[in-house]
Amino acid sequence: MTSPRDTQHVMQFQRQAQLDEKVALLRRSLNEASHVPGYFYASQEIYELEKELIFMRDWLPIAREEEFPEVGDFRTYRILDEPIVVTRNQQRQLQAFANRCAHRGVAVAQGNGNAHEFECPYHGWLYDLDGKLIGAPYMDQADGFDKSSCRLKPIHLGTWQGWVFVSFAVDPIAFKDHIAPYEKEFGFLNQGQLKLADKLVVEVNCNWKFPVENLMDNYHSRILHRKTIGPTMGVERFKGVRSGALAFTAYYPAKPMNREGKTLFGIMPGVKDHEGMDETFAVSAHVAPWMHLFARCDNVHPFIMEPLGVGRVRITCFQLFPEEWQQQADFREKLAHYNEFTLAVVNEDASVMESLHDACTSPRYEPGRMARLELGVWNLINYNVDRVLGLGETRLYE
Ligand code: FES
Ligand SMILES: [Fe+2]
C-alpha cells in the first residue's frame, strides 16, 4: 500500500498524463497515430497505476490445475509484490490465499510443496488447507481473542480448461462471465484435455507491456524472426480486434513449432474435428491483461508476462500437449525440438526488448508513427492507456 503522499503524487501524475498532447497522438486513427510517450513504460507512477487499476482488478491466469495433483500440493507466487499461496484442500478444491499470517503478516508458505497445514515460521500460528486458523500459541491469554475470526485472506479463484485464474478484487466480475467469450472462441482447443509438459522461463529487463504488445505485433514477424518462424507464416485472418479482454485474435497458416516445421505427433485428438484443421493451423490471441494464447495443430503454448518491477518481466511459456502423447517413450526427446525452437523465437523477441525499454527511459526519446500492421498493438495500447488514466473500459477500436 502506498502512503497517502505517494498516492497523491501518483494521482497528480495521472492527471498530467491525461492532458499530455503526445498521448493525444496515440488517440488518432491508426493511419495517423503515433506510439505512446516513453514514461508509459518506464515510470514508477504508471506502474503503480497499472497495479491498482489493472492487476488488482482483473482475473489473472497464473497456473495449470495439473500443477496441483494431490491434496495439500501448494505453490507460492508474488504478483506485483502481493504474495499468494494456491493449494488443493481436502475436498480437492483449489484455493488461493494471501500468503500473509493474520498475526503480523509473515509469509506462512515458502516455495512449492505439499503440506497438511501451514505454520507461520515466526510465532507458530497454524492454518489448515482452507486457510482457517487452527492454532495460535498463548493466544488463549489474550482477552476476547477468537480464533475463528482469523484466517488467511481468501483470494478469488476460478478455473477454465485447466487454467487457474486468481483475482485480488474484492468483488470481481463473475468468473463465468469473464471467461464466457474465451470459451466461445477457444473452447474448441480443448485445453482441459491437455497437460503441462514443460515451462520455458525467460526474464528480460524491460517493462511487461513490451512483450505483451510484441506477441500481437505482426509487423516484426518476418524481419526479427527471419531465421525461425518468419518465413513460415502466412497472411493473417483477423477474427477480431476489439476492446477489453478479447483485444486481439488472429488465425493464420504457420508450421508446427520445431525446426523441421512438421508435426512430430500428428493433430491433437481434441481439435481433429475442427473445421479446416490441418498441419498449417495457427491461432494467436490476447487474454488480458498478461496472457497470450498460441496454438498450432499439435500443441498449445500460451505465454504469461509477469511484471517483476517497472523494468523487469518474467515470460513463461506453458508447453501443453495431449496427455496420451506424453506417455510415448520418446516424448521428452520430441519435446526438446519444440522447446529449442520456441526458445529461439522468444530470444529473438527478447533481443530487442531491452533496447525498447532503454529508449523509453530517455526524455529525449520521441515515439514514432504506427504502421497498419500494428493494428493489434494500437488497439491494446489505447485500451491500457484508458485504464491507467482512469478513462473507463468501454471504448472500441478498430
Ligand atoms: S507473524 Fe505469524 S505468528 Fe506471528
Ligand atoms: Fe516475435
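Which residues lie nearest the centre of the largest cavity? In this predicted model, the residues in question are Leu215, Ile229, Met233, Tyr252 and Phe294, which belong to a lining of 24 residues. The volume of this cavity is about 280 Å³, and it is the largest of three cavities of 30 Å³ or more in the structure. Two of the elements that contribute to its lining are strand β15 (291-296) and helix α8 (331-360), each with at least two residues. The largest share, four residues, is supplied by α8. By residue class, the lining consists of 12 nonpolar, eight polar and four charged residues.

Helix α8 also takes part in the largest pocket, where its five residues are the greatest contribution to the lining. At least two lining residues come from α6 (209-214) as well. The space in this pocket amounts to about 480 Å³. Its lining comprises 21 residues, and those nearest the centre are His35, Phe210, Asp217, Leu356 and Glu374. Of the lining residues, 14 are nonpolar, three are polar and four are charged.

The chain is assigned two domains, with domain 1 covering residues 66-156 and domain 2 covering residues 183-388. The C-alpha centres of domain 1 and domain 2 are separated by 34 Å. Contact between them involves six residues of domain 1 and nine residues of domain 2. The size of an interface is often expressed as the accessible area lost when the parts come together. For domain 1 and domain 2, the buried area is about 500 Å², with 56% of it given by carbon and sulfur atoms. On the domain 1 side, the greatest losses of area to domain 2 fall on Glu66, Glu67 and Leu80, which together account for 75% of what that side buries.

One salt bridge is found across the interface of domain 1 and domain 2. Glu67, one of the residues of domain 1 that lose the most area to domain 2, forms a salt bridge with Lys199, with 2.6 Å between the closest N and O atoms.

In the structure, the count of salt bridges comes to 16. Among them is the pair formed by the side chains of Glu50 and Lys209, with an N to O distance of 2.6 Å. Because Glu50 is located in helix α4 (residues 44-55) and Lys209 in helix α6, this pair ties together parts that are 159 residues apart in sequence. Helix α6 is also one of the elements that supply at least two residues to the lining of the largest pocket.

Two features of the backbone were also examined. Most residues other than glycine have a negative phi, and most peptide bonds are trans. The peptide bond from Ala288 to Pro289 is cis, with omega near 0°. Pro289 is situated in the loop between β14 (282-287) and β15; strand β15 also supplies at least two residues to the lining of the largest cavity. Asp81, which is not a glycine, has a positive phi of about 70°. The loop that holds Asp81 runs between β2 (73-79) and β3 (82-88).

Methods: Residues numbered from 1 in each chain as written. Chains lettered and ligands numbered in written order. Predicted model: local features only at pLDDT ≥ 70, side-chain atom pairs only at ≥ 80, totals over all residues. Heavy atoms only, no water. 1 Å grid on protein atoms, 1.4 Å probe; cavity = no way out; pocket = protein on both sides within 12 Å on 5 of 7 lines; lining within 4 Å. Points joined across faces, edges and corners; volume = space filled by probe spheres on them. Nonpolar A, V, L, I, M, F, W, Y, C, P; charged D, E, K, R; others polar. Domains from an automatic or database assignment. Contact = heavy atoms within 4.5 Å. Buried area = accessible area lost by both parts, 1.4 Å probe. Salt bridge = Lys/Arg side-chain N within 4 Å of Asp/Glu carboxyl O.
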